[in-house]
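Biologist: Could you take me through this model and tell me what lies behind the labels you use?
Modeller: Gladly; let's look at the structure together.

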Amino acid sequence: MGPNLLVNYGEAVAAILFCIGFTNLLLQTNLIKKIIGLNIMDSAIYLFLAEKGYIAGRAAPIVTNGVTSVEAYINPIPSGLVLTGIVVSVSVSALMLSLTIRLYLRYHTLNLDEIAAQLKKEGR
Amino acid sequence: MDFVCNFPFFSILLSLFSGTICSILPGRAAKVVNRIVIAAVGVMSGILLVYLLGTGESFVYWMGHFPAPWGNEIRAGVLEAGMALFFCIIMYLSMAGGAHKLFDEVEESKHNLYYILINLLLSSLLALVYTNDMFTAYVFVEINTISACGLIMIRQVGRTIEAAVRYMIMSLLGSGLLLFGLCIMYDLTGHLLMSNIKESVSVLIQTGEYQIPLIVSVALMCVGLCIKSALFPFHAWLPDAYGYSTVSSAAILSSLVSKGYIFLLIKIIYRVIGFDIFNNTRIIDVLFVFGLMGMIFGSLSAIKENDIRRMIAFSSVAQIGYIYMGFGMGTQAGMVASIFHILSHAATKSLLFIAAIGLTEVSGGSRKFIDLTGAGYRNKWAGVAFTAGSLSMVGVPLFSGFISKLLFAQAAVQVEGKMLAALIVLGISTVLNAIYFMKTVIRIYAVTGDTSYPCITFKDMKVHAVVLVLFVIVNILLGVSSQPVVNMIEQGLAMFA
């Protein structure tokens, strides 16, 4: 396991970052910090994908100087997945931020626990 | 290839584009477009189902002109077409049943937005049902989440926005895990199409390579989808989201959205990992235990609840527990029981939500049990429908709930080691179900001296009453003619392999 971990240190970093983001999204009470956690989590996955798709010594999968040999470029599919994933996570972050603004305007706090407490006080 | 084979693709695109069209239409026109689209997709799925039952085998549809390992694919079998048809029926009835209430709940200028969300939700559900590509499934899971979140928060009160935030947070945790699991799976197998992944996975199992990453990947995907479908410890967002959103949203969210994720999980189990390989992992034991816990704790929370909508929402937690218990048994019979319960729960839970709104309307809009006393007399149709739904949930013969409990019990008997636990918890859960549902039924039929609330007759609620009757008919049909449905499910599962 030891030597593998050293070779794949990029994947290990991605997994650790994923855990950091995940815990932040789950446990932070501040909504903005939660959203930051979300973005760390998603970026960690993209790092993982990019790391997996990279082949040492090869170029980005854009044809340059007329070289069309498969051997010259890295695997383009993970890059495509990352792009799609970024689009998804941008829209989700935007939605979360807009919800946060709504809640802030209503309750003047970003703390989810305080909001829950105020809701209880309101009754209903 | 026959023309009918285009129908899955047509239904996804039709619902997706009608969503965009609704954005420029006024509310009333958007409503008409929405109804026509749901009905059209339902008819197409029905024709497809008949066609597939005739040919007896599933087909794969290329999206674009690239063959298997490169292109994106749609795949349709009996189970997929049947699910799509059923989703359309439930969605149409839920929309029709909650339509009269929409004017109180949502500002009129936002009505077309509501229909956009419904159309998007339908298209993402259809895509989850039909797709044969893991990454497409992930993208549509996110679209499903976003539109479901919109459906929760379109009624702008503090509670719904908070519920939407909580829903989003839990869903995003779930989809993060799903995506990570999916990426690991892609790295292990080099494929994104379900059938190709399955071939590579069986090779990996035979050679014994990469066992731990494989299990980790499967576990991550399972946990992700469990969180999104509100399995027991992850259900905190559910009561507020179902309890305070508009009534159509609540009915659709509880009966369709969570079921879409569960159906995706079934597809992953059968078409990506392989049923036998999945059953040899310890994951099914975990699903089994959490399913059982959900069945008990969901019901206990429902008993303590003092608000009818929240009570029905907590009951969903228990019912999702049943479904996962069926997965946990690890047999074909357990899986068939789970899929039948998906249908039965969807038909019953939406009926209960739509009936409950009829009861609260004649109680001054209050959802507290104390105000609902005698509501069954003031709104006779909703009272009868609520009683029918409750009987189905408890598992009285004639209704669909009885059949799913029977199937679960039959499946449990065949499994050594899990039989006793499953049967005992099934018994306890049935008693608990009976406690809170019968308590409510007795409450709405209690005689009260209070005559300050108005009575509603058929004339005031024509559409609502017809929808309730149709829901009850769907329920009884599932309960009375269960054998053809069970045969269809078995045929569909055989096509999955």
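**Helix packing and the chain contact**

Modeller: This is a predicted model. The buried residues of α19(B) pack against α3 (78–105), α14 (332–361), α16 (380–394), α17 (400–414) and α20 (482–496) of chain B.

Biologist: Which are the buried residues of α19(B)?

Modeller: They are H464(B), A465(B), V467(B), L468(B), F471(B), V472(B), V474(B), N475(B), L478(B) and G479(B). The label buried calls for 20 or more other C-beta atoms within 10 Å.

Biologist: I476(B) also has its place in helix α19 of chain B. What makes I476(B) count as partly exposed?

Modeller: I476(B) has 16 C-beta neighbours inside 10 Å. Buried needs 20 or more and exposed needs 12 or fewer, so a residue in between is partly exposed. That is why I476(B), with its 16, gets the label partly exposed.

Biologist: What does I476(B) touch, leaving aside residues up to four places away in sequence?

Modeller: I476(B) touches L398(B) and F399(B).

Biologist: How do you know that the span of helix α19 of chain B agrees with what it should be?

Modeller: The helix covers residues 462–480, which is 19 residues. The expected span is 1.5 Å times one less than the number of residues. That gives 27 Å, and the end C-alpha atoms are 27 Å apart, so the two agree.

Biologist: Why is α5(A) called roughly antiparallel to α6(B)?

Modeller: The axes of α5(A), residues 112–122, and α6(B) come within 11 Å and cross at roughly 150 degrees. Angles over 145 count as roughly antiparallel, so α5(A) is roughly antiparallel to α6(B). The crossing is left-handed.

Biologist: Which residues make this contact?

Modeller: From α5(A) come I115(A), A116(A), L119(A) and E122(A), and from α6(B) come G158(B), R159(B) and E162(B). By class, the contact of α5(A) with α6(B) has three nonpolar, one polar and three charged residues.

Definitions and conventions: Residues are numbered from 1 along each chain as its sequence is written. Chains are lettered from A and ligands numbered from 1 in the order in which they are written. This is a predicted model: local features need pLDDT of at least 70, side-chain atom pairs count only at pLDDT 80 or more; totals for chains, interfaces and linings use all residues. Helices (H or I, at least four residues) and strands (E, at least two) are DSSP runs, numbered from the N terminus. Two residues are in contact if their C-beta atoms, placed from the backbone, lie within 7 Å. Axes are lines fitted to C-alpha atoms, for helices over the stretch in contact, and angles run from 0 to 180 degrees between N-to-C directions. Angles under 35 degrees count as roughly parallel, over 145 as roughly antiparallel, 65 to 115 as roughly perpendicular and the rest as oblique. A crossing is left-handed if the near helix is turned anticlockwise from the far one by less than a right angle, and right-handed if clockwise. Ala, Val, Leu, Ile, Met, Phe, Trp, Tyr, Cys and Pro count as nonpolar, Asp, Glu, Lys and Arg as charged, and the others, Gly among them, as polar.
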